[in-house]
Amino acid sequence: MPPQPPPSNTSDNSGRRPSVPPPGGTVGPDIPPDEEQLWTAREMRILRGNVQNYKDAPRLSKSDFIRNTIVPLIKATWDHKYSEVAMRADKALFNEWKAKKDRLFNWFANHASTPRNTKLDGMHGRATFQSVFREKKAAEIEEEVQLLSGNARRGSPQWIKFYQQARKRVESRLTIAEREEYARILEEWKKKGFSKTLKAKTAKRQGKKILHQMDRIKWLRMGMRSITFEGHYDLDGKIEYSMTQTHDLGLDDPRIPSFGQLFPDELKSFRRAFVKYLVKVSEIENGVSTPAVPAGTFLEKDLKFNSNGFPLVPSPIYNSKGRETNAIQKTIIRIYMNRVYALAKDRSGSRIPWDSVEKHFGEMIDPEYWPSSIPFTDPSRLRVDDTAALLRHWRQRQSRGLIPFKSPNSAYNPSTKALDYLKESL
C-alpha cells in the first residue's frame with residue numbers, strides 16, 4: 001500500500017481543516033456523515049438558529065424553506081466558493097455542493113421534525129369536525145348511501161363505493177346553525193374526549209387490539225411488565241371490563257410465570273375490587289350514589305356576593321374525610337379579607353398590608369368583627385384553633401344578617417359599593 005500523505009496544516013475560511021482521505025481511500029464528493037466533520041461552526045449556528053423557523057413552515061413548504069432560505073445562508077459562509085460560475089467550471093465542486101445540500105434536508109429531518117406519538121391501529125388521535133358530523137348525521141348518511149347504492153348491504157363493496165358521495169351530499173345540506181353547533185361540540189370533545197357513543201363503538205371494534213398493542217410496545221421498547229384492568233360502557237350502556245397482561249403476549253422469557261400463576265388469590269382480589277369500583281362509578285354517573293367529596297379547595301373566583309355586592313363568607317368546605325382543614329380556612333380568610341379591602345379601596349386587586357394593620361390592630365379593628373382572643377396577623381401564621389374560631393364567628397354574624405367584618409365607624413354604601421375599611425393613613 002503506498003504511504004498516505006500527512007494531514008495538511010492549512011485550513012479553509014471556516015477554520016476547519018480539509019478532509020483527509022481514509023487509509024486506502026480517496027477524498028470524494030460525498031461528505032463524511034460525522035456532523036463534527038460535515039458542518040462548520042458558522043454553518044451549525046445557521047442550522048440551529050433556524051430549527052423553529054423550519055418547524056413553523058407549512059408541511060408542504062418545508063423543502064422550499066430549505067432551498068430558498070437555508071441554502072443561500074450556507075453558501076454565503078463560503079463567499080463565492082460555491083457560486084454557479086465556479087461549479088459549472090469544476091464538476092467535482094458541483095458534486096461536493098450537491099452532496100452537502102442533500103445533507104441539509106437530512107439534518108432538518110433528523111433535528112427539527114416534530115416528534116410524533118406512537119401510532120396505534122384504530123386509534124384516532126384527535127376529534128375533527130367530520131367526527132362530530134358523522135356521528136350526528138349517521139342516520140341521514142346511511143339513508144343516502146342506501147338510495148345511491150340500491151339498498152346495498154352495509155359494509156359491502158357496493159355500500160363503501162357510495163359512502164363518500166353520500167356523506168358529501170348530506171354535508172352540503174348542513175345549515176349555518178348546524179355547523180356552528182357542531183363546531184361548539186367539537187371544542188367540547190377536544191377538552192373532555194369523544195362522545196359516549198363514539199367511545200363505545202371504538203372500544204367494541206378496537207379496544208382489545210389496542211390494549212395488546214400497548215402492552216407489546218411497553219415490553220418491546222421499555223421492558224415493562226404490566227397488568228391492565230379496563231372498564232367501559234357498551235352501546236347499550238352496560239358495563240364491559242377486561243384484563244390484559246404482558247405475559248399473555250408470549251414475548252417474555254418462558255421461564256417467567258405470570259402474576260396469576262404465582263399469586264392467584266391476589267389476582268382474583270384485584271379483579272373483584274375493580275369490578276366493585278366500576279359498579280360504584282356507574283352508580284355515581286347515573287345518580288344512584290353520592291360521590292365522595294373532593295379535597296377542599298377555594299379560589300377567589302369562588303367568592304359569592306349578596307344583593308348589595310358585599311362579599312359573603314363561604315359555608316364550610318369539607319375534604320373527602322368530612323373536615324374543613326386549617327389550610328382551606330386560612331385560604332378563605334385571606335381571600336375574603338383581601339376582597340373586602342379591595343372594595344374599601346375601590347381598587348380591584350388590592351391586598352391587605354398585614355404587617356401595617358397588625359401594628360395598629362387595637363385602634364382599627366373592633367372586637368365585634370375580630371375577637372380580641374385571636375391575634376391579628378397574616379392568615380398563614382394563625383393557629384388551627386384561631387382560624388376555626390374566626391370563621392365560626394363570621395359565619396354566625398352572617399347568619400344573623402350582620403356584616404361579618406369591617407373596620408370601626410365605617411359605613412358601607414350599597415349604591416356606590418364602597419366601604420371605608422381602613423383609615424386613610426394606610
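Let's start with one residue. Gln 146 sits in helix α8, which spans residues 138-149. Keep in mind that this is a predicted model.

Is Gln 146 buried or exposed? It is buried, because its relative accessible area is 18%, and the cut-off for buried is under 20%.

Which residues does Gln 146 touch, once neighbours within four places in sequence are set aside? There are three names to note: Asn 151, Ala 152 and Trp 159.

Take Asn 151 next. This residue lies in the loop between α8 and α9. Its relative accessible area is 64%, so Asn 151 is exposed. The cut-off here is over 50%. So a buried residue, Gln 146, is in contact with an exposed one, Asn 151. The backbone of Asn 151 deserves a look too. Its phi is near 60°. That is a positive value, in a residue other than glycine.

Now step back to helix α7, residues 129-136. Which of its residues are buried? Gln 130, Ser 131, Val 132, Phe 133 and Glu 135 are. And what covers them? The cover includes α8, the helix of Gln 146. It also includes α9 at 157-172, α10 at 176-192 and α11 at 196-222.

On to the nonpolar cores. In soluble globular proteins, nonpolar side chains tend to be buried together. Here, the largest nonpolar core has 29 residues. Which members touch the most other members? They are Tyr 336, Met 337, Ile 365, Trp 370, Phe 376, Trp 394 and Phe 405. Four helices each supply at least two residues of this core: α14 (326-345), α15 (354-359), α16 (361-364) and α17 (384-399). The largest share comes from α14, with nine residues. There is also a second, separate core. It has 22 residues, including Trp 39, Ile 46, Tyr 54 and Met 87.

Last, the whole chain. How many helices and strands does it have? The count is 17 helices and four strands. The chain has 426 residues, and 33% of them count as buried. Gln 146 is one of the buried ones. Now the contacts between residues at least 6 apart in sequence. Of these, 60% join residues at least 24 apart. Finally, the surface. The chain exposes about 27,900 Å². Carbon and sulfur atoms supply 52% of that.

How values were computed. Residues numbered from 1 in each chain as written. Predicted model: local features only at pLDDT ≥ 70, side-chain atom pairs only at ≥ 80, totals over all residues. Heavy atoms only, no water. Buried < 20%, exposed > 50% of the residue type's maximum accessible area, 1.4 Å probe, protein only. Contact = heavy atoms within 4.5 Å. Areas by Shrake-Rupley, 256 points an atom, 1.4 Å probe, with all protein chains shown as cover. Core = buried A, V, L, I, M, F, W, Y, C linked by side-chain atoms within 4.5 Å.
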